[in-house]
Amino acid sequence: MIAVSSKIIIDLAENFANVGKSVDFCAEYTPNSSLLSYPNAKLTAVKVQLGVTFTNPNVEICGNVICDVDGLCDRCLTPVSKQFVLPIDQVFHKDASDDPDDYLFFGGKLDATKAVDDEIVLSLPSLLLCSDDCKGLCPRCGMNLNLGSCDCDNTRENAFSVLKNLKF
């Protein structure tokens with residue numbers, strides 16, 4: 001069983017002894033709850049499975065971030081439990097770098113927490129949906145359109161429909 005922690009700290013001792021060789025690293029992580037852009041969802045578990053390679057002087061991590069998300073569909077509000085597998089491939093530089101966006105490591109420890117958090121924020125889909133073809137709710141009566149159709153008249157013209165009548 002893997003211990004759950006609030007940070008992803010990788011001990012590089014084995015990597016320093018095996019330059020160029022990938023060493024497996026697995027961890028379970030409890031992320032900050034504000035990482036998700038979904039208003040009605042939460043991350044229930046995050047696991048990282050990485051290959052860590054010391055390339056002297058840098059360290060490369062490559063693998064997957066596995067996120068379990070529970071919440072409500074953004075279109076129809078039905079309960080959703082999904083697992084997302086996000087690939088991660090990052091280079092960590094030793095002590096200092098000219099680029100402020102570079103990830104750094106110090107001494108014999110590498111804190112991969114920020115890199116994993118960034119991957120979650122940037123790679124998760126913008127909407128949490130129950131299915132890719134979710135029809136959502138009727139804007140008039142609120143019926144879940146995935147379960148059937150309603151009798152509402154939803155034929156309304158949008159603000160741009162007047163542009164159809166323009167002649168060039």
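**Close-up 1. Strands β4 and β5 run antiparallel and are joined by 13 bridges.** This is a predicted model, in which local features need pLDDT of at least 70 and side-chain atom pairs count only at pLDDT 80 or more, while totals for chains, interfaces and linings use all residues. Residues are numbered from 1 along each chain as its sequence is written, and side-chain values use heavy atoms, with hydrogens and water left out. Strands are DSSP runs of E with at least two residues, helices are runs of H or I with at least four residues, and both are numbered from the N terminus; two strands pair if DSSP finds at least two bridges between them.

**Close-up 2. Strands β5 and β6 pair in the antiparallel sense over 14 bridges.** In this view Cys-67 can be found opposite Phe-84, which belongs to β6. β5 and β6 form a hairpin with 6 residues between them, and Leu-77 in the turn has a positive phi of about 65°. As background for looking at such strands, the side chains in a regular strand alternate between the two faces of the sheet.

**Close-up 3. The side chains of Lys-47 and Asp-68 meet in a salt bridge, at 3.6 Å from N to O.** Lys-47 lies in strand β4 and Asp-68 in strand β5 (residues 59-72), so this pair ties together parts that are 21 residues apart in sequence. A salt bridge here is a side-chain nitrogen of Lys or Arg within 4 Å of a carboxyl oxygen of Asp or Glu, and the structure holds 4 of them. Lys-47 counts as partly exposed at 28% relative accessibility, whereas Asp-68, at 17%, counts as buried; buried means under 20% relative accessible area, exposed means over 50%, and partly exposed is in between, with a 1.4 Å probe and protein chains only.

Close-up 4. Side chains of opposite charge can pair when their charged atoms come close. The side chains of Lys-7 and Asp-111 meet at 3.6 Å, N to O. Lys-7 is partly exposed at 47% relative accessibility, and Asp-111 is partly exposed with 31%. The side chains of Asp-11 and Lys-109 form a salt bridge at 3.9 Å, N to O. Asp-11 is partly exposed, with a relative accessible area of 47%, and Lys-109 is partly exposed at 46%.

**Close-up 5. The rings of Phe-16 and Phe-54 form one of the 2 aromatic pairs found by a search of the whole structure.** Their centres are 4.7 Å apart and their planes stand at 75°, so the pair is edge-to-face. Rings of Phe, Tyr and Trp (its six-membered ring) pair if their centres lie within 6.5 Å, and planes under 30 degrees apart count as stacked, over 60 as edge-to-face and the rest as tilted. Phe-16 lies in helix α1 (residues 13-17) and Phe-54 in strand β4 (residues 41-54), so the pair ties together parts that are 38 residues apart in sequence. Phe-16 is partly exposed at 33% relative accessibility, whereas Phe-54 is buried with 8%.

**Close-up 6. The rings of Phe-92 and Tyr-103 form a tilted pair.** Their centres lie 5.4 Å apart and their planes are at 35°, so the pair counts as tilted. Phe-92 lies in strand β6 (residues 79-94) and Tyr-103 in strand β7 (residues 103-105), so the pair ties together parts that are 11 residues apart in sequence. Phe-92 is buried, with a relative accessible area of 1%, and Tyr-103 is buried with 14%.
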